[in-house]
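Me: I would like to learn how to read a structural model feature by feature, with the general idea before each case. Could we work through this one together?

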Amino acid sequence: MAARPMYAELADEIRRGIQDGTWKPGDLLPTELDLAAERGLSRSTVRAALTRLVDLGLIRRQQGVGTRVCAPRGDEGYDASIASMEELIHFGLATQRIVRGRSEEVVDEATARWLEIRPGTRWIRLETLRASLETGDPICRTEIFFDPHYGAALQGLEDHHGLITELLRNATGIEIDAVEQIIRPVILDEPSSEILCATPGQPALEIVRRYLSAGRTIYITVSKHPADRFDYRMTLRRQKQMS
């Protein structure tokens, strides 16, 4: 029996790395030159392996940016019905949060208008990706803006699958008693499309949630869902008229 081609062996190695989490959705793979040098292969062999992974939908190549990992997606989007905080908690438990970056910044006028907060205030900003626990499929990109007075609550966030409200309660004793939510249609921007392995400019759903305690905003999340990956459902019930 003939030996398998080297490009197929390399493609399988990278595929296993994606499946076991060595490379997560949105991560950049090493360059063709680096892969070739590390494994003693020709660039044409590496290119053939990457082409195979592109065909499988596992990576996306973009000129000037590099080769980015795309989690394999099934035919169905993530179907969620969220009408209460309990159902919001269920969504958190059914998905994994991948923290991609953290910074502390003073918000400018544009960001303040977007989030409906005061310009010039300081917030901890986290860049995260939500993905399915079962398949690893990317669901949404979520930016989190957190009041730095309660920053201690973010310790252990990377290993926590539930809502941040639980970490907040455990670290500070503060209880979130209300969540204000805004849902609006948007066009998927370039940074979000790269992380989600989606097409820039496609329709998306933006969900802004403001987490409140006694009327004070503790943190805000802004999630962008590609239109084909998320359904938002709610039921409106008619109240009985008072006699």
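Reply: Let us begin with burial, because a residue is called buried when its relative accessible area is under 20%, and exposed when that area is over 50%. This is a predicted model, and of the 243 residues in its chain, 44% count as buried.

Me: How does that cut-off apply to Ser193: is Ser193 buried or exposed?

Reply: Ser193 has a relative accessible area of 0%, and therefore it is buried. Ser193 has its place in helix α7, and once neighbours within four places in sequence are left aside, it is in contact with Arg60, Leu188, Ala198, Thr199 and Pro200. The C-alpha atoms of Ser193 and Arg141 are separated by 9.0 Å, although these residues are 52 apart along the chain.

Me: How many helices and strands does the chain have, and how should I read the sides of a helix?

Reply: The chain has 7 helices and 10 strands. An α-helix has 3.6 residues a turn, so residues three or four places apart point the same way. In α2, the buried residues are Glu32, Leu35 and Ala36. Seen down the axis of α2, these buried residues fall within an arc of 100°, and so they line one face of the helix. Leu33, Ala37 and Glu38, on the other side of α2, are exposed. The buried residues of α2 pack against α1, α3 and β1, and just after this helix Gly40 takes a positive phi of about 65°.

Me: Which residues of α3 are buried, and what do they pack against?

Reply: In α3 the buried residues are Thr45, Val46, Ala49, Leu50 and Leu53. Because they cover an arc of only 135° around the axis, they sit on the same side of α3. Their packing partners are α1 (6-19), α2 (32-39), β1 (59-62) and β2 (66-69). The length of α3 can be checked as well: at 1.5 Å a residue, the 13 residues of this helix (residues 43-55) should span 18 Å, and the end C-alpha atoms are 18 Å apart, which agrees. Just after α3, Gly57 takes a positive phi of about 80°.

Me: How do I read aromatic pairs, and how many does a search of the whole structure find?

Reply: A pair of aromatic rings is described by the distance of the centres and the angle of the planes. A search of the whole structure finds 3 aromatic pairs. One of them is formed by Phe146 and Tyr219, which are stacked, at 5.3 Å centre to centre and with 25° between the planes. This pair links distant parts of the chain, since Phe146 lies in strand β6 (residues 138-146) and Tyr219 in strand β9 (residues 216-226), 73 residues apart. Phe146 counts as buried because its relative accessibility is 0%, and Tyr219 counts as buried because its relative accessibility is 2%. Tyr211 and Tyr219 also form a stacked pair, at 4.2 Å centre to centre and with 10° between the planes, and both of these tyrosines are buried.

Me: Which cysteines does a disulfide join here, and where in the chain do they lie?

Reply: A disulfide is a covalent bond between the sulfur atoms of two cysteines. A search of the whole structure finds 1 disulfide, and it joins Cys70 to Cys197, with an S to S distance of 2.1 Å. The pair links distant parts of the chain, with Cys70 in the loop between β2 and β3 (78-81) and Cys197 in the loop between α7 (190-196) and β8 (203-213), 127 residues apart. The link of Cys70 and Cys197 is left-handed, with -95° about the S-S bond, and both cysteines are buried.

Me: And how should I read Cys140: is Cys140 buried or exposed?

Reply: Cys140 counts as buried, because its relative accessibility is 1%.

Note on methods
Residues numbered from 1 in each chain as written. Predicted model: local features only at pLDDT ≥ 70, side-chain atom pairs only at ≥ 80, totals over all residues. Heavy atoms only, no water. Helix = DSSP H or I, 4+ residues; strand = E, 2+ residues; numbered from the N terminus. Expected span 1.5 Å × (residues − 1). Buried < 20%, exposed > 50% of the residue type's maximum accessible area, 1.4 Å probe, protein only. Arc of directions from axis to C-beta. Contact = heavy atoms within 4.5 Å. Phe/Tyr/Trp six-rings, centres within 6.5 Å; stacked < 30°, edge-to-face > 60°. Disulfide = S-S within 2.5 Å.
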